[in-house]
Amino acid sequence: NVTTSSDPEVSQFVQFIPQYFGTCTKKDGKFMMIENLTKGMTKPCIVDIKVGAKTYGPDASEDKKQKSDAAYSGTKKPFGFSVLGMSVYMGKEKDEFKVLNKEFGKQLTKDTIDDFLQTYFDGKNKTERTTKVAQIFVRKLNEIQSFYSQQKKFHIFGSSLLFVYDAAALTETSDDNLEKAVVLKMIDFAHIFPANGEADENYLNGLTNLIKVIQTFN
């Protein structure tokens, strides 16, 4: 259990994942209760990015490997990450709501990756505050990279980074709440395997390229 582990290499994960509140049982099954990362936001803009060119563990079947390798290959092969979907508030007043499903991410390539940035950060209505939001994300990504490059306990496959920012904060005049309006967490840990003392290069490569891509938005 990451939240109760006395191993510092394991407990470091806590600051980078949503808070866990235990489980609850409903009539249709047992569910985990985790932190709502959009709490307090009025216009949350969300994108789910799966990290890693290889999104399956060593126990995957050949069929699973082939299907996974074929999906999102336009970004998975050159960058090592996949844009799974997003919802964003756009326009000068951030009053236009747009949802893009997995088909948007599947069509992205090395040549069109900027479409992801322009859509998620509403590039047509970019302001200095928008650029600051992107910079905050880069800083948070660097913090995850710094920690993850040193941990050699786990190799994680098919995990995502959930990006959330409040578009309402972009229309304010003060920068006071901008930091609070940006959230980045690691999510989805269904496929975790022992690292055997080796760095998770698959995850780190995708993370490094994701940082480079977002740094181009300025």
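Student: So what volume does the second largest pocket have?
Tutor: Its volume is about 180 Å³. Keep in mind that this is a predicted model.

Student: OK, and which residues line the second largest pocket?
Tutor: The lining is made up of Lys 50, Thr 55, Lys 64, Lys 67, Ser 68, Ala 71, Tyr 72, Lys 76, Ser 82, Leu 84, Gly 158 and His 191.

Student: How does that lining split by class?
Tutor: There are 3 nonpolar, 5 polar and 4 charged residues in it.

Student: Which element gives the largest share of the lining?
Tutor: That's H2, with 3 residues. Helix H2 (62-70) and strand S4 (81-90) each put at least two residues into the lining.

Student: Switching to the sheet, then. What's the strand order?
Tutor: The order is S5-S4-S3-S7-S8, with 5 strands in an open sheet and antiparallel pairing.

Student: How many bridges join S3 to S4?
Tutor: Strand S3 (residues 44-51) is joined to S4 by 6 bridges, and the two run antiparallel. For one of the pairs, take Asp 48, whose bridge partner in S4 is Gly 85.

Student: Which strands does H6 touch when it packs on the sheet?
Tutor: Helix H6 (residues 128-148) touches strand S7 (160-166) and S8, and its direction makes about 30 degrees with that of S8.

Student: And what does H7 touch?
Tutor: Helix H7 (residues 201-215) also packs on the sheet, and it touches S3, S4, S7 and S8. The direction of H7 makes about 25 degrees with that of S7.

Student: Zooming out, how many helices and strands does the chain have?
Tutor: The protein chain has 7 helices and 9 strands. Its radius of gyration is 18 Å, close to the 17 Å from the globule rule for 218 residues, so the chain is as compact as a globular protein of that length.

Student: What does the C-alpha trace span along its principal axes?
Tutor: About 50 × 40 × 40 Å.

Technical notes. Residues are numbered from 1 along each chain as its sequence is written. This is a predicted model: local features need pLDDT of at least 70, side-chain atom pairs count only at pLDDT 80 or more; totals for chains, interfaces and linings use all residues. Side-chain values use heavy atoms; hydrogens and water are left out. On a 1 Å grid over the protein atoms alone, a cavity is a set of points where a 1.4 Å probe fits but cannot get out, and a pocket is an open set with protein on both sides within 12 Å along at least five of seven lines; lining residues have an atom within 4 Å of a point. Grid points are joined across faces, edges and corners, and a volume is the space filled by probe spheres set on the points. Helices (H or I, at least four residues) and strands (E, at least two) are DSSP runs, numbered from the N terminus. Ala, Val, Leu, Ile, Met, Phe, Trp, Tyr, Cys and Pro count as nonpolar, Asp, Glu, Lys and Arg as charged, and the others, Gly among them, as polar. Two strands pair if DSSP finds at least two bridges between them. Contact means heavy atoms within 4.5 Å. Axes are lines fitted to C-alpha atoms, for helices over the stretch in contact, and angles run from 0 to 180 degrees between N-to-C directions. The radius of gyration is taken over C-alpha atoms; the globule rule is 2.2 Å times the number of residues to the power 0.38.
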